[in-house]
Amino acid sequence: MLTIAPDIDVLVRFGRALADPIRCRILLALRQAPAYPADLADALAVSRTRLSNHLACLRDCGLVVTVPDGRRTRYELADERLGHALDDLRTAVVAVETDRTCVDADDKGCC
């Protein structure tokens with residue numbers, strides 16, 4: 001049975017998913033269309049093992065779901081509104097200086 005997470009938990013899950021560039025690339029690819037893991041791995045130029053780990057994280061965060069398709073499993077965004085949210089996030093940050101990063105970028109791996 002699925003339950004609705006509290007608001008803060010939802011934002012934390014979304015933030016965790018977006019904290020890794022590969023997971024961001026996966027979400028953006030799935031925003032375009034559902035895909036099979038092998039195709040995603042090839043398109044993103046990552047190993048299937050690495051992709052599988054990131055897909056597991058995205059499933060655990062509740063952002064992607066699996067859809068059985070014969071002997072294969074297809075991945076897609078758990079809710080079509082996530083695609084709109086990704087578009088909004090991509091366009092919301094319009095004034096980013098390319099030579100600036102967070103103060104903690106080197107220590108924490110952000111930005």
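This is a guided tour of the structure shown above, to be followed in a viewer.

The model is predicted, so local features require pLDDT of at least 70 and side-chain atom pairs count only at pLDDT 80 or more, while totals for chains, interfaces and linings use all residues. Residues are numbered from 1 along each chain as its sequence is written, and side-chain values use heavy atoms, with hydrogens and water left out.

**The whole chain**

Begin with the cartoon view of the chain, which contains six helices and two strands. Helices (H or I, at least four residues) and strands (E, at least two) are DSSP runs, numbered from the N terminus. Next, colour by accessibility: of the 111 residues in the chain, 25% are buried. Buried means under 20% relative accessible area, exposed means over 50%, and partly exposed lies in between (1.4 Å probe, protein chains only).

**A nonpolar patch**

Select Ile8, Leu11 and Val12, which make up a nonpolar patch on the surface with about 310 Å² of accessible area together. Patches consist of residues with over 30% relative accessible area and no salt bridge; like charges are joined within 9 Å, and nonpolar side chains (Val, Leu, Ile, Met, Phe, Trp, Tyr) within 5 Å. The areas come from the Shrake-Rupley method with a 1.4 Å probe, and for residues only the protein chains shown count as cover. Valine 12 belongs to helix α1 (residues 7–18). Valine 12 counts as partly exposed because its relative accessibility is 40%.

**Salt bridges**

Now display the charged side chains. How many salt bridges does the whole structure hold? A search finds seven, a salt bridge being a side-chain nitrogen of Lys or Arg within 4 Å of a carboxyl oxygen of Asp or Glu.

Select arginine 31 and aspartate 87, whose side chains meet in one of these bridges, at 2.5 Å from N to O. This pair links distant parts of the chain, 56 residues apart: arginine 31 lies in helix α2 (residues 21–32) and aspartate 87 in helix α5 (residues 80–92). Arginine 31 has 25% relative accessibility and is therefore partly exposed; aspartate 87, at 26%, is partly exposed as well.

Move to glutamate 76 and arginine 74, a salt bridge with its closest N and O atoms 3.7 Å apart. Glutamate 76 is partly exposed at 24%, and arginine 74 is partly exposed at 22%.

Then select aspartate 79 and arginine 81, where the closest N and O atoms of the salt bridge are 2.6 Å apart.

**A charge over a ring**

Select tyrosine 36 and arginine 72. Arginine 72 lies over the face of tyrosine 36, 3.7 Å from the ring centre. A charge sits over a ring if NZ of Lys or CZ of Arg is within 6 Å of the ring centre and within 35 degrees of the ring normal.

**Two cysteines**

Finally, select cysteine 57 and cysteine 61. The structure holds zero disulfides, a disulfide being a pair of cysteine sulfur atoms within 2.5 Å. Cysteine 57 is in no disulfide, and its nearest cysteine sulfur, that of cysteine 61, is 4.2 Å away. Cysteine 61 likewise is in no disulfide. Cysteine 57 counts as buried because its relative accessibility is 18%, and cysteine 61 counts as buried at 6%.
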